[in-house]
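Subject: Structure handover

Hello,

The structure I mentioned is below. Please look it over first; my notes follow.

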Amino acid sequence: MAPDALAAREQARHLARGFARALRLSPHDETAHLGRLQACLALDGAEPVQGALADVFVAFGAEGAALKRRALALAAPRLHEWLRGRFEPWVHARALPRVTPLATRWSLLAVPSADMSTRARRCSPDVSRAVAAQALAAWQAHDLDGMDHFLHHCLTCRDRLAFMLVRRALYQRQARLPEGWGAVETELLQGDPHP
C-alpha cells in the first residue's frame, strides 16, 4: 500500500476513534455520529461502516428519522443490498434494539446478537476474505505453517466463507487440496455446534 494511502487510513482511524470517544460522552450527538460514519467510509471493508450505522439506529428512534435516512444513504454504497434492506424498516421506527444482529465489532452503542453465527461474531466477511488471501499466498509459497494456521482459523472461528473461498480458488487453478483439508471441510459442513 502506498504511503499516502496508509497515512489516509491512519488519519481515518484516528478520526473514528475521536468521534467514538465523543459518543461515549454524548450518545445522541448527531454531528459525532455522522463524523464517525464519514471516517469509517475512509477505512477498508464494510464492517466499520455497518458498525457505525448500527450505532446511529440504536441511538435514535422515530424522532431521528431524517438522520437515520441520511446515515443510511451515506453507508449504502458500502453495504450489500440485503443489508440495506435490513436497516430500511428501522428508519421511521423506534430505535433499533441495543442487542442486534446488525451490530459489528466496530459498534460502540450496539451489541452483536448471540443468535448470529459463531463465524459472524468472531470475524466479518472482510476478515474472511483477508484470511483467504493470506492462505492463498501461503499455498503459493508452499508455506505449510501458514496453511496449518489457516485451517486452525477456519475450525476455531467456524469460518466457512474463508475456507470455501480458498477451496474454490484452488479448484480453479486445478490444484489438489492440501493434506487434511477433507477432514476440515467435513467438520465445517457439519454445522455450528458451538454457540
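Which residues does Leu 53 touch, not counting residues up to four places away in sequence? In this predicted model, Leu 53 is in contact with Leu 37, Ala 71, Leu 72, Ala 75, Leu 79 and Phe 87.

Leu 53 belongs to the largest nonpolar core, which has 31 residues. Together with Phe 57 and Phe 87, Leu 53 touches the most other members of that core. Two or more residues of this core come from each of helix 1, helix 2 (30-41), helix 3, helix 4 (65-75) and helix 5 (81-87). Helix 3 gives the largest share, 8 residues. As general background, nonpolar side chains tend to be buried together in soluble globular proteins.

The other item is the second largest pocket, which holds about 210 Å³ of space. Its lining consists of Arg 9, Arg 13, Leu 43, Asp 44, Glu 47, Pro 48, Arg 105, Trp 106, Asp 126, Val 127 and Ala 130. By class, that lining has 6 charged residues, 5 nonpolar ones and no polar ones. Helix 1 (3-25), helix 3 (47-59) and helix 7 (125-140) each supply at least two of the lining residues. The most come from helix 7, with 3 residues.

Regards

Key
Residues numbered from 1 in each chain as written. Predicted model: local features only at pLDDT ≥ 70, side-chain atom pairs only at ≥ 80, totals over all residues. Heavy atoms only, no water. 1 Å grid on protein atoms, 1.4 Å probe; cavity = no way out; pocket = protein on both sides within 12 Å on 5 of 7 lines; lining within 4 Å. Points joined across faces, edges and corners; volume = space filled by probe spheres on them. Helix = DSSP H or I, 4+ residues; strand = E, 2+ residues; numbered from the N terminus. Nonpolar A, V, L, I, M, F, W, Y, C, P; charged D, E, K, R; others polar. Core = buried A, V, L, I, M, F, W, Y, C linked by side-chain atoms within 4.5 Å. Buried < 20%, exposed > 50% of the residue type's maximum accessible area, 1.4 Å probe, protein only. Contact = heavy atoms within 4.5 Å.
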